[in-house]
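User: I would like to go through the labels used for this model, one by one. Please set each value against its cut-off.

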Amino acid sequence: MADSLRTYRMVAGMWIRSTMTYRASFALTVFTSFCVTFFDFVVILLMFGQVRGLGGFSFAEVALLYGLTGTSFGIADLTMGSLQRMGKRVRDGSLDTFLMRPAPLLAQVAADKFALRRFGRVAQGLMVLVWALVLLDVAWTPVKVLLLPMTVVCGAVIFAAVMVLGASTLFWMQDAAEVTNSFTYGGNTLLQYPPTIFAQELVRGVVYVVPLAFVNWLPALHILGRPAPAGMPDAAAFASPLVAAVCCAVAGLAWRAGIRSYRSTGS
Amino acid sequence: MPFIELDTVEKIFTVRRKTGLIRREKREVRAVDGISFGVDRGEMVGYIGPNGAGKSTTIKMLTGILTPTGGRLRVAGIDPARERTRLAQRIGVVFGQRTTLWWDLPLKDSYRLMHRMYRIPDARYRENLDRCVDLLDLEELLDVPVRQLSLGQRMRGDIAAALLHDPDVLYLDEPTIGLDVVSKARVREFLRDLNTTHGTTVLLTTHDLTDIEQLCSRVMVIDHGRLMYDGELAGLHAVGESERLLVVDLERELPPITDVPGARFVRSEGPRQWLAFPATASAAPLVAAVAARHPLLDLSVREPDIEAVIAKMYGGTREERRESLM
Ligand SMILES: Nc1ncnc2c1ncn2[C@@H]1O[C@H](COP(=O)(O)OP(=O)(O)OP(=O)(O)O)[C@@H](O)[C@H]1O
Ligand SMILES: [Mg+2]
């Protein structure tokens, strides 16, 4: 683990330094990526101008959901986004090079071409989150206050684990990248809205099958004093760390198995 | 105990091929089919064989990139697939076909990252880098992004990268592919020096017999994933009954030369004739005999190449062999 962190810092640091050499273009890319994600939020804003709520949730409440998942997903995407290239690496055999080096593979691949511009997404998520907290009328207790940062961190870990799990499947099915994206990017979009607007089957799937509901829905509903979805007990709001740990374990096993069945290429 | 040890190592690839719209056929490719050998510390061994013989697959298993399907494999007492990262500290790998450097970064940034990733002590790193830069003539290339380097330049950069951490073993998979004569000579010189002064164990794969002739005292030949020969290069010619070719230019078109003992007429083209003789025999008496009996203008001797030797050793019709000899 320490080795992975060290490797990640080293490789990511090198990519940051190499992108920083073109300062102006770097500033520009950060700015554009921020704008793009910000427009997402503007769309929601405009929608609320027409309707005064969504599935029984007020504007500030939806903003809380949006801010929580947006920040978590942003962090996961910033740190693990390079896993997007795994399919190509497995197919063309360029993973060989990473496997020759005395450093954990996952850290090397995840940190490869580390792009600080993805930070735009995190910043945007945070902004919406702060905005929501200002607007919300919640009876804050110490537990609820602590629940917030924990939710963001665990959410990021769950998203990251799903990304690793998805990348692992590429060792066997090199063209499954789209499926993975539907769970991560698609999951993020889904979690921006309150569970009450979706079909019960879908909500149940997100709670029990792919446990993305623990990213924001369950803790946020607790903070807002609303009942947990899909028949979950109220205490499930605090289960995110456990769910995150289980996701990590599963993803870790899949990744190991993936490496063992990596077959490189004939040339 | 040998430094590199393989005991009936196998690698089987299952490939699926589309035979119909949905139907797929499963097929097994035995890329490495029960190979056993040992390499001692400080040896420099050539590992040769025709295309698809299983050379690269073996090297990938020795690196830990591929997990063997069966058999036992140890490098410096380490099981490569199981302890890949620990082994990486002790080995250097150069794939002629693929760079191990960071494509978008200048050469020297790649080296700097290796410095830290391999935890090379500063003094060691500087010393090794200086030596490689000097011997491989890299000075002017250090600031150039790897993707802008020519094939030969990149290969030299890769060889240096594989040696910065003082590996005990160096695997080279076609390190001279695509290099010009000067670069080839420089690389060979460098490897010989590395082996003699540092005692680095070297396992070398190549299709250029000259690499082997100039560097390796021992050669292993594999074909279809099996070890066919393990011994001295000269012995290979004897075992393979390989032939060299004598190309003679006569003054005019003449009937085939069949009266020279030890030589076999192959073909003619106008005044030029091709004669084959055993690779282990000396060419001098043959040349004298031809010159004594025929009006000779010019002549040259063609060495058999590795492919031809192997083709002759194992299977292949006489016609194929002859074609590969020419
Ligand atoms: N990733 C793979 N998937 C399926 N088959 C493979 C794979 N890698 C290698 N093979 C097969 O294994 C056999 C050995 O390949 P390998 O690359 O080891 O040959 P080689 O001796 O290095 O040949 P060359 O001289 O052409 O480099 C070939 O038949 C090849 O088609
Ligand atoms: Mg090869």
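**Labels and their cut-offs**

Analyst: Helices here are DSSP runs (H or I, at least four residues), numbered from the N terminus. This is a predicted model: local features need pLDDT of at least 70, side-chain atom pairs count only at pLDDT 80 or more, and totals for chains, interfaces and linings use all residues. Residues are numbered from 1 along each chain as its sequence is written, chains are lettered from A in the order in which they are written, and side-chain values use heavy atoms, with hydrogens and water left out.

User: What makes helix H1 of chain B mostly covered?

Analyst: The helix spans residues 55-63, and eight of its nine residues are buried. Buried means under 20% relative accessible area (exposed is over 50%, partly exposed in between; 1.4 Å probe, protein chains only). The buried residues include Lys55(B), Lys60(B), Ile59(B) and Leu62(B).

User: Why is Arg188(B) called buried?

Analyst: Its relative accessibility is 8%, so Arg188(B) counts as buried. Arg188(B) is found in helix H6 (residues 181-198) of chain B.

User: Which residues does Arg188(B) touch, not counting those up to four places away in sequence?

Analyst: Arg188(B) touches Asp208(B), Thr210(B), Asp211(B), Gln214(B) and Leu215(B). Contact means heavy atoms within 4.5 Å.

User: Why is the pair Lys113(A) and Asp104(B) called a salt bridge?

Analyst: The closest N and O atoms are 3.5 Å apart. The rule asks for a side-chain nitrogen of Lys or Arg within 4 Å of a carboxyl oxygen of Asp or Glu. The pair therefore meets the rule. Across the interface of chain A and chain B, the rule finds four salt bridges.

User: Which elements of chain A give two or more residues to the side that touches chain B?

Analyst: They are helices H1 (2-20), H5 (95-99), H6 (105-111) and H12 (240-260). H1(A) gives the largest share, nine residues.

User: How many residues make the contact, and how much area is buried?

Analyst: Chain A gives 31 residues and chain B gives 27. The two chains bury about 2,700 Å² between them, 57% of it on carbon and sulfur atoms. Buried area is the accessible area (1.4 Å probe) that two parts lose on being put together, summed over both.

User: How is chain B divided into domains?

Analyst: Chain B has domain 1 (4-238) and domain 2 (243-303). The bounds come from an automatic or database domain assignment. Taken over C-alpha atoms, 40 Å separate the centres of the two domains.
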